[in-house]
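Work through the following exercises with the sequence and the model beside you, and try each task before you read its solution.

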Amino acid sequence: MFARLLFLFITIPLIELYLFMKIGARIGLPATLIIIVLTGFIGAALTRYQGLRTLAKFQKATADGRMPHQEVLDGLMILVAGAVLLTPGFLTDIFGFALLVPAVRTTVRKFLARYVKNHVRIVSTDLNQTNPTPTNPSRFPPEHPREEKVVDAKVIDSTPTKN
């Protein structure tokens with residue numbers, strides 16, 4: 001993982017420098033600088049707009065009582081898009097503007113879902129449940145059996161006390 005990150009942090013700036021030199025030689029330094037500043041402003045405005053829309057979708061999903069996982073992933077991708085759009089460079093701008101396109105985000109989200117499904121294993125147990133039900137064998141994975149303790153108890157007084 002470290003080698004991949006090191007490769008990215010070295011190659012992307014080198015590609016950006018190469019693109020700056022090629023494009024700057026072709027259209028001139030002032031036009032190149034104007035493009036860089038404009039993409040920063042346009043990217044920030046689009047990121048803000050889409051971020052607010054995604055926040056509204058997140059709030060609607062939670063109000064409807066459903067898990068807002070798509071909205072959270074969209075929000076993260078919009079955050080990454082905004083960060084790379086504020087970074088000067090043509091390659092990062094292409095990547096950032098692409099992440100601001102909803103269809104691209106949907107494709108990336110599906111890819112991330114497949115990646116997580118194939119590479120991440122999530123195991124959960126309900127600590128409030130005392131007896132696992134045989135109808136739900138996946139509740140307790142076989143490699144982590146749960147020990148059951150039986151407690152004999154008697155209710156003496158069931159009336160609630162006032163504080």
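A contact means that heavy atoms lie within 4.5 Å. This is a predicted model, in which local features need pLDDT of at least 70 and side-chain atom pairs count only at pLDDT 80 or more, while totals for chains, interfaces and linings use all residues. Residues are numbered from 1 along each chain as its sequence is written, and side-chain values use heavy atoms, with hydrogens and water left out.

**Exercise 1.** Describe the overall fold and its contacts.

Step one: the protein holds five helices and zero strands, where helices are DSSP runs of H or I with at least four residues, strands are runs of E with at least two, and numbering starts from the N terminus.
Step two: among contacts between residues at least 6 apart in sequence, 48% join residues at least 24 apart.

**Exercise 2.** Decide whether F58 is buried, partly exposed or exposed.

Step one: locate F58, which sits in helix α2.
Step two: recall that buried means under 20% relative accessible area, exposed over 50%, and partly exposed in between (1.4 Å probe, protein chains only).
Step three: F58 counts as partly exposed because its relative accessibility is 31%.
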